[in-house]
Amino acid sequence: MVAWSEADRRFMREALALAERGRGATKPNPVVGAMVVKHGKVLASGFHRRAGLPHAEIEALSRLGKRAAGATLYVTLEPCCHRGRTGPCTKAIVRSGVRRVVVGCCDENPLVSGRGIAILRRAGLTVDAGCLKEECRRQNRGFFTWIRGKRPWVTLKVASTLDGCIGDRMEKRRKGSSRWITGAESRKAGHLLRRENDAVLVGVGTVHSDNPRLMVRLAGAKSKSTQEPLRVVLDSQLHTPPAAALLDASRRKPPLIVAAAPASPDRALGLRRRRLEAAGAEVAFVAPDGDGRVALRAVLRLLASREVQSLLVEGGSRIHGAFVRGGLVDSVAVFLAPRLVGAGVPIVQGRGLDWRKPAVLGPISVRGLDGDVLLTADVVERGQRRRPQ
């Protein structure tokens, strides 16, 4: 086992920070950062800027020429060894003359998966793998889930009162009532979550009750198409109003409305589809589940086919319940406001899981947000469905 020096950790942290600068632009590739260091001095750095452009290692090494000889290359992810849109990074690394390569984590892509490290070692380079391994894996967990599971990483996002309500039970909002449960800092953090994910999903009930746009509202974000997630609505029977706010034809990414495929031709459904498409939506059909609603696993496969590697599920409560019951939640982000309302729409509705075998969350991170609290955690056990009575 390698004894990592403080310098190793420091340079890998810098590479991790660099990698984040490519977030949202590298699909279907992962985000990667690289540093070239010699005698404790950074000679060059790079990150993968966009799919089709040079990978992080190449961007860093190309600036050095012969000066890279004898240096150490820090890279957050195992260098690729196959030809895609660009050539294999392993060849360029060997030619550069670097002496040591420090890898954050191995690539789970079957085209790489340890082969990149093996090639470098056979060429005589010292390769030490696993520096800040968990941080590096977490950075690309969406990519790994997409590669391994053929579906995106799913984060359940909730804004709730302290007694577990996410909205008013009244279908129509009382005039003058507050729309927001949490404060401005929490809402900003929620928009950051949207920007960090490839897609954001709600059910048609949320469209009717909240009429959301599902856009990223952050300073400077509107001009960057890479920061706009795909907006997804689960709407089994296509009851989304053509005048809904998210049907804004001026956006570069039209919303995707997913319906349940009918067992036989349905003229009314076809008419609703044409109206929504005329209003600016894209409509797709997937197989229904046993209740006639869209089958969530089919939805995730559809999104994965469109290179969606990370999905933010924002509601409503029946959508939350369906994802939990299906064992499809990978992490949660729960914003709690210090409010009590006594009654309202609960966070989760549906048949749920067996109380004796619920989903279990990993270590919980707690962050204060100007009076609110943000709880984040990964799901470590998905639980067991409740058996029919």
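Modeller: Start with Asp378. This is a predicted model, and in it Asp378 is partly exposed, at 22% relative accessibility. Asp378 forms a salt bridge with Arg141. The closest N and O atoms of the two are 3.0 Å apart. Asp378 sits in strand β17, residues 372-381. Arg141 belongs to helix α6. The pair therefore ties together parts that are 237 residues apart in sequence.

Helix α6 spans residues 141-149 and also holds Arg148. The side chain of Arg148 meets that of Glu108 in a salt bridge, at 2.5 Å from N to O. Glu108 lies in the loop between β4 and α4 (115-122). Arg148 and Glu108 are 40 residues apart, and the pair links distant parts of the chain. Arg148 counts as exposed, at 52% relative accessibility. Glu108 counts as partly exposed, at 24%.

Now follow β4 into its sheet. Five strands form an open sheet, in the order β2-β1-β3-β4-β5. The pairing is mixed. β2 (41-47) and β5 (126-129) are the edge strands, and each pairs on one side only. Neighbouring strands are turned by 15° against each other on average, direction ignored. β4 covers residues 100-105. β4 and β5 pair in the parallel sense, over four bridges. Val101 stands opposite Val127 in β5.

A helix packs here too. Helix α1, residues 6-19, lies across β1 (33-38), β2, β3 (72-77) and β4. Its direction is at about 145° to β1. Glu6 and Arg13 meet through their side chains in a salt bridge, at 3.5 Å from N to O. Glu6 is partly exposed, with a relative accessible area of 49%. The cut-off for exposed is over 50%, so Glu6 stays in the middle class. Arg13 also counts as partly exposed, at 42%. A network of salt bridges links Asp8, Arg100 and Asp128.

For the overall count, a search of the whole structure finds 18 salt bridges.

Leu361, Ile364 and Val366 make a nonpolar surface patch of about 280 Å². Val366 lies in strand β16, residues 365-369. Val366 is exposed, with a relative accessible area of 58%.

Note on methods:
Residues are numbered from 1 along each chain as its sequence is written. This is a predicted model: local features need pLDDT of at least 70, side-chain atom pairs count only at pLDDT 80 or more; totals for chains, interfaces and linings use all residues. Side-chain values use heavy atoms; hydrogens and water are left out. Two strands pair if DSSP finds at least two bridges between them. Helices (H or I, at least four residues) and strands (E, at least two) are DSSP runs, numbered from the N terminus. Axes are lines fitted to C-alpha atoms, for helices over the stretch in contact, and angles run from 0 to 180 degrees between N-to-C directions. Contact means heavy atoms within 4.5 Å. Patches are made of residues with over 30% relative accessible area and no salt bridge: like charges are joined within 9 Å, nonpolar side chains (Val, Leu, Ile, Met, Phe, Trp, Tyr) within 5 Å. Accessible areas come from the Shrake-Rupley method with a 1.4 Å probe; for residues, only the protein chains shown count as cover. A salt bridge is a side-chain nitrogen of Lys or Arg within 4 Å of a carboxyl oxygen of Asp or Glu. Buried means under 20% relative accessible area, exposed over 50%, partly exposed in between (1.4 Å probe, protein chains only).
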